[in-house]
Amino acid sequence: MQPCVLLKYGEMVLRGRNRRRFYEQLQRNVRRQFRGLGDLELRPRGGALAVVAPEADRDELVRRALDVLGATLVHPAVLVERSAEAGVAAAVELLRGRPGGTFAIRARRRDKRFAVGSHELATLAGRAVQDELGLGVDLDTPDLEVFIEVDRDEIFVFTEKLRGRGGLPVGTSGRALVLLSGGIDSPVAAYRMLKRGLRCDFVHFSGRPFTGPESIYKAYAHVAQLDRFQGDSRLFVVSFGLAQRTLATAGAARLQVLAQRRLMVRVAEALARREGAAALVTGDSLGQVASQTLQNLAVVEAASGLPLLRPLLGWDKSEIVREAEELGTLEVSILPAEDCCTLFASPLAETRAEPARLDRIEGRLELDALVAELVASAELVEPRIDRTPVAA
C-alpha cells in the first residue's frame, strides 16, 4: 500500500473549456506546496489529483494539502494495484485496530471498465472485514467508514474526508496588490482574494519616522503566514510619516484620515501598475469605522484608477475575527503597534466627506511628485515560512 493524499476539486470542474488551465495551475501550486518533501508524483484523475510522495511524513503531507487553494476535499489515502483483492485487503488494514463496533464500505467505480461493480466490491470488502475483524455492518450511522475508489490505473482507499479550503488555484485570476495595515481585517481580505485565484503582493504604510518598527514586523509576519497559500510573496514597505505631516500642514484637519487613505491608494495604484497588478485590495467593512461609511468609501475609491476590491465589505467584526483566528493571523494582529492612520488625525471624525474639500487640500501639494517619491522609496522584503521538514 502506497500512502498518498487525494485532492478533490470543487468549482474548477465547472470551468468548461478553460478547465485545463485551472488544472495545470493547481498542479504547479501543488508542486510548490510540497517542495522539500522528496520525489513527488502527481496523478490527475478527472475531478481529483493524487499526490504521491514516498519519502514524506503522512501528517506533514496532509497538513500541506489542507492549505492547497482549489481543493474542496482532502483524503489521506493509500494507493493499491487495480484489483478487487488489493482493494479489499487495504480496506481491512485501514480498519484494523481502530476503535468502533460497526462499519460501512462505500465503493465507487470511477472507471466502468473495471470488471467488479461498486456494490459487489463493497460486499466483498464488507465480508472480509466481518471475517477478519469481527465488526458489525451499519450502513446508516456506522462508527467507521472505508471508501474504495477504483480509477484508471489504481485503487484509492481511505477513511477520512477532510474539508479543504476550496476556491480557485492561486494565479488563475490575475494579480493584485493588498494594502496591509497590520490589523485584523486586511490579512483576512488578502486570504479571501487568494481563494478567488488572485496572486497577491502586499504594501504596508509605516508611520516612520514618527512611529517605531512594530507595525512593519506585524506586516512581515502576516505576509509570511499568508505565503503558505501562494509562495514567493512580496511585501513593499512605504515610510509614510513625512507625507502625513505634509497633509496636516496643508490643512487637512478633520479630513486628515481620508486624505491619507486617498494618498495611500494613489501610491498603491502606481506601485501596482509598476509591478503588473490589475487591482487593489483593502480590508474595508461597511460602517465599521468613520472612514468606512458609504460616502467616505466612495471618496477614497475615486482616487484609484484601478478596481478597488473589498471582499469584507458585508462582514461584521465577529466574522472577520473568527476567520483571522482560523487563519492564524489574529495572534499577530492583536499585538500592540502604533497605527500610522492616527498620526496627525483630528479627534473629530468626518463621516460624510465632500470630494471638493479633499480636492482643495490635495491641490496645495505637488501630488504627482509626492506619489512618485513614495513609490520610488518603497522597500521590498520577501517574507517566508521555512517549511523544510525537521529531521527527528
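The model is predicted: local features need pLDDT of at least 70, side-chain atom pairs count only at pLDDT 80 or more, and totals for chains, interfaces and linings use all residues. Residues are numbered from 1 along each chain as its sequence is written, and side-chain values use heavy atoms, with hydrogens and water left out.

**Stop 1: helix 3 and helix 4**

Select residues 84-95, helix 3, and residues 118-133, helix 4. Helices (H or I, at least four residues) and strands (E, at least two) are DSSP runs, numbered from the N terminus. The two axes come within 9 Å and cross at roughly 45°. Axes here are lines fitted to C-alpha atoms, for helices over the stretch in contact, with angles from 0 to 180 degrees between N-to-C directions. Helix 3 and helix 4 are therefore oblique to each other; angles under 35 degrees count as roughly parallel, over 145 as roughly antiparallel, 65 to 115 as roughly perpendicular and the rest as oblique.

Now show side chains. From helix 3, pick A84, V88, A91, V92 and L95; they meet L121, L124, A125, A128, V129, E132 and L133 of helix 4. Contact means heavy atoms within 4.5 Å. Eleven residues of this contact are nonpolar, none is polar and one is charged. Ala, Val, Leu, Ile, Met, Phe, Trp, Tyr, Cys and Pro count as nonpolar, Asp, Glu, Lys and Arg as charged, and the others, Gly among them, as polar.

**Stop 2: helix 6**

Go to residues 214-226. The 13 residues of helix 6 should span 18 Å, and the end C-alpha atoms are 19 Å apart, which agrees. The expected span is 1.5 Å times one less than the number of residues.

Colour the buried residues: S215, I216, K218, A219, H222, V223, A224 and L226. Buried means under 20% relative accessible area, exposed over 50%, partly exposed in between (1.4 Å probe, protein chains only). These buried residues pack against helix 5 (185-195), strand 11, strand 12 and helix 11.

**Stop 3: either side of helix 6**

Select P209, in the loop between strand 11 (199-206) and helix 6. A cis peptide bond joins R208 and P209, with omega about 10°.

Then pick D232, in the loop between helix 6 and strand 12 (235-239). Phi of D232 is near 55°, a positive value in a residue other than glycine. D232 is partly exposed, at 44% relative accessible area.

**Stop 4: F344**

Finish in the loop between helix 11 (330-333) and helix 12 (355-363), at F344. F344 is not a glycine, yet has a positive phi of about 60°. Its relative accessible area is 35%, partly exposed.
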